[in-house]
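Subject: Structure handover

Hi,

Here is the structure for you to look at. Please open it first, then read my notes below.

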Amino acid sequence: MPDASHGPIPRQLDVAIVGGGLAGLYAIHRLRRQGLTVRAYEAGSGIGGTWFWNRYPGARCDVESLEYSYSFSDELQQEWKWPERYGTQPEILRYINHVADRFDLRRDVQLDTRIAEALFDDAANHWVLRTADGETIEARYCVMAAGNLSTPRVPDFPGLGSFRGKWYHSGLWPHEGVDFTGLRVGVIGTGSSGVQMIPIIASQAKHLHVFQRTANFSLPARNAPMDATRERNHKAEYPARRRAAADTPFAIAGHAKPTHPALAVPDDARNAAYESKWQEGGSISFLYAYTDLLVSKEANDTASEFVRNKIRCTVKDPRTAELLTPKDHPIGTKRLCLDTSYYETYNRDNVTLVDVRSDPIDRITETGLRTTGGQTFQLDAIVFATGFDAMTGALREIDVRTSTGAVLRDHWEGGPLTYLGLMVSGFPNMFVVTGPGSPGVKTQMIASIEQHVDWIADCLAHMHAGGLDRIEASAQAESEWVTHVNAVADSTLYPLANSWYMGANIPGKPRVFMPYVGGFDRYKRHCDAIAAKGYEGFALSAHARAAV
């Protein structure tokens, strides 16, 4: 770890922020307004986080544009015009850059800088961070805004290094783009990224082989150019809509709250409701059709079977249709995908679906890949749509420890432990934005980011007013919160799926359900109550800082 007594004088900050995406940028804006000296450290060559890295064909947000945006400035809300119902990656990145310029955030972002180590010096009562290039930073507080889906997982197939063609990962896409025209392409993975890119690649490739291990549910997005009347009405009601969103489980407004359990409705009426939601497009609306779709298997079966039948009606080849029909998890318990013509793509003559659950990939060869059953596929390009080491990967890549011997990787060996997803016991003055144990990934992420950063900023203001300079989550509060998070998850259908919510896509990763699924509304009220009680569960103190 860095030794502050030798070498160049470390940069001195009130708050060091790890990450220059949506969370890091808002943290700069919010904390700087309190007179704090802040700086964000971003590994990429540009800001934007997930929207900087994920440039694969068809990359698009699955939350509507008018919802997926910052709420902290009404002027920003009013002036920005989204061209489509769902924002594309280039458009969202353009928006993020606009925000950075409009609020002069770039001067406090350091690009091309990866934080390799972070040590809490107990005697000095500050964090000492070191970059991969050896720069040292000292900060009273550290805000980890490294993201939940920012550590791409490239499968370790034997022979990958021998492949003569080119291979790509959805989360590490070349900025110049890729032209697949006339190529034989293999896409491995049919999660959200795969579902979005497969129709685009199929329209270019000579032939596309899709290698699917697990079928996922996908709903039609029904994307379209932004309707001017809808945009005008939405903007006229923005403050009320944001307040309404905060009172929903997903932090998304505009959907009537369900009032009936699914099985309390006659079959024909229920199917008509599902059909209406299917035609409307969007995942939240569909899952919001009835009160019990995520807690009752019998209720969920009605929704799951409705979508399965839609797949069977869309895909012409019966065998392919059945392979694409999910049967191993209830709808919504994995990330529910949104698509444009995904299932229709399998009706193309140049698209072949390969079932690698029954015949797994054995190795990558010089000219393609081979399965354990001996099938060989000649490929010019391979695309890995295999996801991320979600929620914990980014923090586990950093050597986070304290001078008293706590090591984050050890603390999380059996799965992530946090209090509210905001702090980790044993690691004072380190905050996590939308970390494991929070509802972030199950919500409109920007709403969760703003809620967390506002809570952190208010906490620091409270400490400053009271002459306090150290905060730490208690081990008991952390343990009780993790127990609660698991109990809430166990009361739902979520644990029935082997999803990245449980780390199931990473070999050797502990199977622990990581998000809080009690709802954004319930979570926010709890966080607000904790603060109102003097930050119950946290130890706040004034610490005599040793001379540096």
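A residue is called buried under 20% relative accessible area, exposed over 50%, and partly exposed in between (1.4 Å probe, protein chains only). By that scale E79 is partly exposed, at 37% relative accessibility.

Two points on the source. This is a predicted model, so local features need pLDDT of at least 70 and side-chain atom pairs count only at pLDDT 80 or more, while totals for chains, interfaces and linings use all residues. Residues are numbered from 1 along each chain as its sequence is written, and side-chain values use heavy atoms, with hydrogens and water left out.

**Salt bridges**

Side chains of opposite charge can pair when their charged atoms come close. A salt bridge here is a side-chain nitrogen of Lys or Arg within 4 Å of a carboxyl oxygen of Asp or Glu. The structure holds 35 of them.

Start with E79. Its side chain meets that of R102 in a salt bridge, 2.5 Å from N to O. R102 lies in helix α4 (residues 89–102) and E79 in helix α3, so the pair ties together parts that are 23 residues apart in sequence. Helices (H or I, at least four residues) and strands (E, at least two) are DSSP runs, numbered from the N terminus. R102 is also partly exposed, with a relative accessible area of 37%.

Next, find D62 and R335. Their closest N and O atoms are 3.1 Å apart, and they form a salt bridge. This pair links distant parts of the chain, 273 residues apart. D62 sits in the loop between α2 (50–53) and α3 (74–79). R335 sits in the loop between α11 (318–324) and β11 (337–339). D62 has a relative accessible area of 21% and is partly exposed. R335 is partly exposed too, at 30%.

R106 and D101 form another salt bridge, with their closest N and O atoms 2.6 Å apart. R106 counts as partly exposed at 36%. There is also a network of salt bridges linking E305, R308, R312, E322 and K327.

**Helix α1**

Is helix α1 enclosed or open? Eleven of its eleven residues (22–32) are buried, so α1 is largely enclosed by the rest of the structure. Among the buried residues are Y26, H29 and R30. Their cover includes β1 (11–18), α4 and α15 (445–465).

L172 is found in the loop between β7 (166–169) and β8 (184–188). At 45% relative accessibility, L172 is partly exposed. The C-alpha atoms of L172 and W53 are 5.7 Å apart, yet 119 residues separate the two along the chain.

Best wishes

Notes
Contact = heavy atoms within 4.5 Å.
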